Amino acid sequence: MRRREFLSGTAALASMTAPGFATEPGAPGPALYVPPEEGAHARTFMQWPVNRSVYRDRWFLQQVQATIAEVANTLAEFEPVTMLMASEHQARAAASLSEAVEIWDIPTDDLWCRDCGPIFAQKADGTLAVSHIQFNGWGGKQTDVNDRDIARRLAERLGLELVPSGLVGESGGVDHDGHGLMMAHASSWDTVSRNSGLSPDEIIDRLLNAYGAERMIWADGLRGEDITDYHIDSLARFTGPGRVLMNLPSTPDPRDPFHQTARETHEALLAAGLSVEVIPEPERRRVNSYDFVASYVNYYVCNGAVLTAEFGDPDTDAIAVDALARHYPGREIIALNVDPLGEIGGGIHCATQQMPMV
């Protein structure tokens with residue numbers, strides 16, 4: 001299922017403050033703080049896609065698996081990588097995975113470890129816990145028989161405390177700078193099928209507590225046009241305190257709701273006083289379908305490198321690599337052809353989940 005073909009305001013602005021530890025109001029549990037992605041990693045977790053109700057075309061599933069293997073093999077040159085899958089898939093998958101990629105017997109449906117996987121948070125005593133946002137298949141839009149339990153099963157295997165956030169959703173629907181500031185589209189969180197019993201203020205409070213942050217930029221977003229309800233991590237990413245890298249079309253199409261929502265989010269970020277650098281969307285790409293996600297900012301920062309996508313437009317591909325090199329000095333910038341991920345509505349960041357070094 002392509003995530004953008006499932007279904008075919010005003011922002012509350014905030015300023016930056018120092019990071020801290022917070023607990024959910026009225027809920028027991030330790031104070032938590034999620035380090036920024038550019039901090040040191042102990043490892044990266046990924047998921048092997050297998051579910052044939054999601055991937056009805058066997059040939060295309062093989063293309064997606066090959067892409068996931070290439071991302072994992074590349075990451076394994078910089079830090080440990082653990083691929084999750086059920087035992088019956090391991091022999092076939094191992095043939096395409098580097099020996100450096102460790103395989104754990106945790107069953108999966110799809111590849112979106114950013115959304116299904118655990119959010120690793122540091123407790124006040126310096127140890128790790130899992131700050132748990134319950135995944136439910138993007139509001140029940142896709143099967144999640146195995147994926148709904150990924151975070152819990154990993155917490156159990158690692159011997160880490162699972163701390164409920166009181167939220168249903170996906171961590172791809174929020175981005176944080178690790179210094180007190182977060183941003184999200186309300187459309188990914190305030191929905192009938194995710195957090196219907198909570199007010200927007202309650203959702204924001206619980207997100208801040210889940211990450212140990214202080215302030216939220218809460219833009220409207222876009223409901224009902226893709227399975228994620230417009231995750232922020234394909235549009236804008238923090239690259240440090242007060243700095244954002246954003247992907248926008250050079251010439252927005254007034255008929256395209258994604259373009260209009262992106263413009264509104266851009267205005268919200270500027271109004272919040274952030275430094276926002278824009279990377280233009282590719283105009284000459286290999287895949288031209290409407291629902292293809294051509295996001296340069298759905299990159300992943302690992303130990304010593306940044307993995308990003310290239311789409312076949314030499315001009316914008318080069319602009320993206322240059323921008324990432326400036327925002328992440330001292331790291332190797334590696335651009336990969338991950339078109340099969342764009343065809344199903346995601347990218348490298350969506351497929352990865354970091355475990356910080358503590």
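Predicted model: local features only at pLDDT ≥ 70, side-chain atom pairs only at ≥ 80, totals over all residues.
**Cysteines and aromatic rings: a tour**

The count of disulfides here comes to zero.

Select Cys113. Cys113 takes part in no disulfide, and the nearest cysteine sulfur, that of Cys116, is 7.0 Å away. With a relative accessibility of 0%, Cys113 counts as buried.

Next, select Cys350 together with Cys116. The closest cysteine sulfur to that of Cys350 is the one in Cys116, at 11 Å, which is too far for a bond; a disulfide would need the two sulfur atoms within 2.5 Å. Cys350 is buried as well, its relative accessible area being 2%.

Now turn to the aromatic rings. The model has seven aromatic pairs. One of them is Tyr230 with Phe258: the ring centres are 5.1 Å apart and the planes stand at 80 degrees, so this pair is edge-to-face. Tyr230 is in the loop between β10 (215-219) and β11 (236-240), while Phe258 is in helix α7 (residues 257-271), so the pair ties together parts 28 residues apart in sequence. Tyr230 and Phe258 are both buried.

Move on to Phe45, Trp104 and Phe120, which form one aromatic cluster. Arg157 lies over the face of Trp104, 4.0 Å from the ring centre.

Terms used:
Residues numbered from 1 in each chain as written. Heavy atoms only, no water. Phe/Tyr/Trp six-rings, centres within 6.5 Å; stacked < 30°, edge-to-face > 60°. Helix = DSSP H or I, 4+ residues; strand = E, 2+ residues; numbered from the N terminus. Buried < 20%, exposed > 50% of the residue type's maximum accessible area, 1.4 Å probe, protein only. Lys NZ or Arg CZ within 6 Å of the ring centre and 35° of its normal.
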